[in-house]
Amino acid sequence: MGLRTFLQRYTLRLLGLILLALLGGSIAYAISEEMGLAEVEATGTHRLDLYSASLDREIDKYAYFPATLGLERDVISLLSAGDVPSEDVNEYLEQLNTSAGTLVIYVLNRAGHVVASSNWRRPDSFIGEDLSYRPYFVSASQGENGRFFGIGTTRNEPGYYLSSPLLKNNEIVGVAVVKVSLEQLEQSWATVEAPVLVSDENGVVILASVPSWKFTTVRPMDNQQRQYFEQTLQYNARLLSPLGLIEGRRLNDNARIVRLHHQAAHSMTSVFPVSGAFIAQSTPLRSNHWTMTVLSPIKHIDSMALTRALVAASGMALFYSLLLLWYQRRQHLHAQIKARQALQQAHDELERKVEERTRTLQAAQDELVHAGKMAVVGQLSAGLAHELNQPLAALRTLSGNTIKFMERGDLTSAQGNLDRIAQLVDTMGALTSQLKSFARKSSGAPQPVDIRRALDNALFLLEQRLRHTAVTPSVHFTAPQLLALCDPIRLEQVLVNLVGNALDALQNHPSPRLTISASHQGEQILLTVHDNGPGLSDEAQKHLFEPFFTTKDLPAGKEGGGGLGLGLAISAGIVRDFGGSLLGENHPDGGAVFLLHLPAAPAETMPHV
């Protein structure tokens, strides 16, 4: 072994070692990453369910609270007395607010002015304020329960507002409002392992385990939204800057990878990361139009996957090295044995191979000649029998009808049948001419052909089988005349085969249906033949257009006969000669459908059929 050969082998083995290590490491990294993401996603789903349930429970505690104020006689009397101040009502609201643990409870008259409030003793009391512009008042004054999250304009304190109309004699006389704080729930979220945020219907973060995320936006806002916020003072003129979530790869419908850049304004020390890569999972909340999102950190997944990839790469490298050592040892042992036998075996092997290859070549030549002869004979004879079967049946029907017409003296109908018989004879002559020249794969000169007329001729040939199968074809054409550039007789041959196969599939069907449609598809015409039979099996779809493959195993002599497996093979060849294509597949509604694509002819050209 020369130095150059040794270096080449050494280089190849080193490259093999590197490639195998990289392959093993890459596979291990991908598997580890997917497993890690799936685990984090499952944990995130559990957290999302838990957090959303806790928030819904917290809100549901106060859902019917405002409506209960309508049961208090003093509250209704106050609203009916023309907004005369009442210390009894204010004290009642003050005690109720303290017992319930809410931020504030107040009552508004029909004009939207506060007439009683639990904070009536404070310098910044709500009494007398005009809150008619607040959406929760608008909803309640129209007879609906109001739900609204916003920042108070007096104390700049965020909270969740729940409002209900107050009724007297089934008429709205005022509105009761309860404002609750969700800060305690936010504080409980700050102790878990993954950050969580809640955005309202405007895409504004109203609750978050990270304080600096509050009152940021998760999606862009237009000027119309900002003008609406200025009118309603929902966020009390807060800046509402973007949170900065960057969308990444989507894992499924409810999980996606996002990135969040570090925010300099955030100085709180938390138990979870507040920047980097996360799996974001969201769910709509049941009691309002909010959306809760859990951000599960995935930074550790990358480091874990990288570690496992390095271990796998090292293992693959070690395995390759051991395999290489074993192979070299085995080669060394066998080399000694082969060296002693090489000279004698070389002579014997040479003579044996010459003799064996001579016999093999002769046998292969004999088989090829025999196969070629059988293929040609089989195609000619089987193709002739297959294609002439339907015209002969039509001739038998037409001749019988002609005799009856002549017996009745209906010479016009008899003459029409004789014209049909002449056309069929011409068609059969053309078929035999085509089959005789099958080996040369010759086809007629292409010409504009009316697809509908060609289909009518094909259905006429199959009239007896259509009656026997009790099938009335449903024909749908998108235009009165669709012209294809092809040979008319060979097109009829293809259509007879496709419709005949559909009738075979519909035998013994309790409610057979055959649908034939045609339409323009760009520079082509698409014709489909769809039956509601059993459809195509996986095996049939693999070998559908191969010669001598058939699924028609009925005994010869019965209607439909046995299949020879040449109809679709010949039809596909004819369509290819036209410059089109023939496909077969299962229809979504059941049964099989064959799609025949043909080159379209200019619409103004006169058809030939």
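**Exercise 1.** Leaving aside its neighbours within four places in sequence, with which residues is Ser-125 in contact?

*Solution.* The model is predicted: local features need pLDDT of at least 70, side-chain atom pairs count only at pLDDT 80 or more, and totals for chains, interfaces and linings use all residues. Residues are numbered from 1 along each chain as its sequence is written, and side-chain values use heavy atoms, with hydrogens and water left out.

Step 1. Ser-125 lies in the loop between S2 and helix H5 (135–141). Helices (H or I, at least four residues) and strands (E, at least two) are DSSP runs, numbered from the N terminus.

Step 2. Contact means heavy atoms within 4.5 Å. With neighbours within four places in sequence set aside, Ser-125 is in contact with Asn-119 and Trp-120.

**Exercise 2.** State whether Ser-125 is buried or exposed.

*Solution.* Buried means under 20% relative accessible area, exposed over 50%, partly exposed in between (1.4 Å probe, protein chains only). Ser-125 has 16% relative accessibility and therefore counts as buried. Its side chain reaches the backbone nitrogen of Ile-127 at 3.2 Å.

**Exercise 3.** Explain why one side of S2 and of S3 is left without a neighbour in the sheet.

*Solution.* Step 1. Two strands pair if DSSP finds at least two bridges between them. The open sheet has five strands in the order S2-S1-S5-S4-S3, with antiparallel pairing.

Step 2. Strand S2 (114–117) and strand S3 (146–151) stand at the edges with a single partner strand each, so one side of each lacks a neighbour in the sheet.

**Exercise 4.** Determine how many bridges join S4 to S5.

*Solution.* Nine bridges join S4 (residues 158–168) to the antiparallel S5 (residues 171–180). Lys-168 has Glu-171, in S5, as its bridge partner.

How values were computed
Polar contact = N/O pair within 3.5 Å; in protein donor to acceptor, adjacent residues only side chain to side chain.
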